[in-house]
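Open the model in your viewer and keep the selection tool at hand. The stops below say what to select and what is there.

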Amino acid sequence: MKVALLPGDGVGPEVVHEAVRVLEALDLPGLTLLEGDVGGAAYRRHGHPLPPETLGVARAADAVLFGAVGDPGCDTLERHLRPEQAILGLRSELGLFANLRPAAMIPGLEAMSALRPEIAARIDLLIVRELNGDVYFGEKAIDVLPDGRRRGRDLMSYAEDEVRRIAHVAFRAAQGRRRRLCSVDKANVLETSQLWRDVVIEVAAEYPDVSLEHMYVDNAAMQLVRDPGRFDVIVTGNLFGDILSDQASMCVGSIGLLPSAALGERETEHGTFGLYEPIHGSAPDIAGQGIANPVAMILSAAMMLRHSLGAPEQAERVEKAVARTLADGVRARDLGGSAGTEDVGDAVIRRL
Ligand code: NAD
Ligand code: IPM
Ligand code: MN
């Protein structure tokens, strides 16, 4: 089993280090870890945020464990050289179109939610975010109009096959859960969303056992804080999924808690090839202080064990150890605690 480690920038390397220690503690037979430069770190070393060697390392692996990219010092570079292009490039080059972002309350953490604890207690949802299309990958530019005004533009679009394949992923995910799917769009304003909705309805015919509802994204943002427990699986486009998942993280308690898996169609010997990363970024405001919460990264490694490495029992062991760590009150600063990044890693490893 080959895992490509791409730690990246800011807190990325700090949290990846803890996930690696957890993986090593599991003592998986035949696990090989390869490393690659990515993001601002790669730009500074190689002049590009996603050097060909890094893409090669990722392609040659069964799974990629990705920390985070983003470096304020790179924010004025030409867009194609910015750190964020690395994660966008990996997602598109590797055909990772399905982003699973689970958000579930961890017993004992209810008081950390930005919502009232009795509302937060019921959260158990999965956001299925499309990852290869939308306004993220459309033609974009800042140009100058004939009268001298600058205009920015980004084309939002989805082709029907792109919608269909993510819809199938979401319906199948719902079948393995509480069989309820909510498709989030903005069909009252956007044609892209109208097509999205039409195609999701077509696909629904193949899943009579799943109940489907449609919700506009503004309402979904509201319902997510009013009563997050009403959601089972949410399927949505790249941009809305990005925003709603950060929001969901604070419903659970912290952005330092939510993992994600980016999957495509490629099967390997052990499972589906995938890229695993926390939903948070490089957190430059706390980088280098040893206080970042590594839970989202460790839980991402657990998702990797389950989906890409064919080790579901080990995934569950890690998830249980994380839950016990938090229930025992070992918490980083984002959760009101005083445990450092390594303390949390140590505590998880002790409970494995
Ligand atoms: P961010 O997620 O990095 O940080 C938002 C806030 O959450 C910050 O206050 C940060 O300290 C806190 N936070 C994030 N992760 C945490 C953790 N593990 N433990 C404790 N606190 C944590 O988002 P941002 O500030 O908007 O972006 C910073 C940089 O990261 C930008 O360059 C952005 O483009 C990039 N980014 C990258 C990814 C990715 O690599 N997948 C995701 C999001 C943002
Ligand atoms: C995420 C991030 C990325 C995204 C950025 C860094 C490109 O916010 O993974 O949620 O928008 O997808
Ligand atoms: Mn995001």
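This is a predicted model: local features need pLDDT of at least 70, side-chain atom pairs count only at pLDDT 80 or more; totals for chains, interfaces and linings use all residues.

The tour goes through the surroundings of two ligands.

Residues are numbered from 1 along each chain as its sequence is written, and chains are lettered from A and ligands numbered from 1 in the order in which they are written.

**Stop 1: ligand 2**

Select ligand 2, then Glu84, Leu88, Arg91, Arg101, Arg129, Tyr136, Asp242 and Ile279, which surround it. A residue is near a molecule if one of its heavy atoms lies within 4 Å of it. By class, this shell has 3 nonpolar, no polar and 5 charged residues (Ala, Val, Leu, Ile, Met, Phe, Trp, Tyr, Cys and Pro count as nonpolar, Asp, Glu, Lys and Arg as charged, and the others, Gly among them, as polar).

Colour helix H4, residues 84–93: with 3 residues, this helix gives the largest share of the shell around ligand 2 (helices are DSSP runs of H or I with at least four residues, numbered from the N terminus). Next, colour domain 1 (1–105 + 261–352) and domain 2 (110–252); each gives at least three residues to the shell around ligand 2. The domain bounds come from an automatic or database domain assignment.

Now show the polar contacts, which are pairs of N or O atoms within 3.5 Å. Oxygen atoms of ligand 2 lie 2.7 Å from a side-chain N or O atom of arginine 91, 3.0 Å from one of arginine 101 and 2.9 Å from one of aspartate 242. Taken alone, ligand 2 exposes 320 Å², and the protein buries 78% of that (accessible areas come from the Shrake-Rupley method with a 1.4 Å probe).

**Stop 2: ligand 1**

Which residues come nearest to ligand 1? Of the 20 around ligand 1, select Val69, Glu84, Gly281, Ala283 and Asp285, which come nearest. The shell around ligand 1 divides into 9 nonpolar, 6 polar and 5 charged residues.

Show backbone atoms here. An oxygen atom of ligand 1 is 2.9 Å from a backbone N or O atom of valine 69, and an oxygen atom of ligand 1 is 2.8 Å from a polar backbone atom of alanine 283. A nitrogen atom of ligand 1 is 2.9 Å from a polar backbone atom of asparagine 293. On its own, ligand 1 has 800 Å² of accessible area, and the protein covers 69% of that.

Technical notes:
Side-chain values use heavy atoms; hydrogens and water are left out. A polar contact is a pair of N or O atoms within 3.5 Å; within protein, one must be able to donate a hydrogen and the other to accept it, and residues adjacent in sequence count only if both atoms are side-chain atoms. Helices (H or I, at least four residues) and strands (E, at least two) are DSSP runs, numbered from the N terminus.
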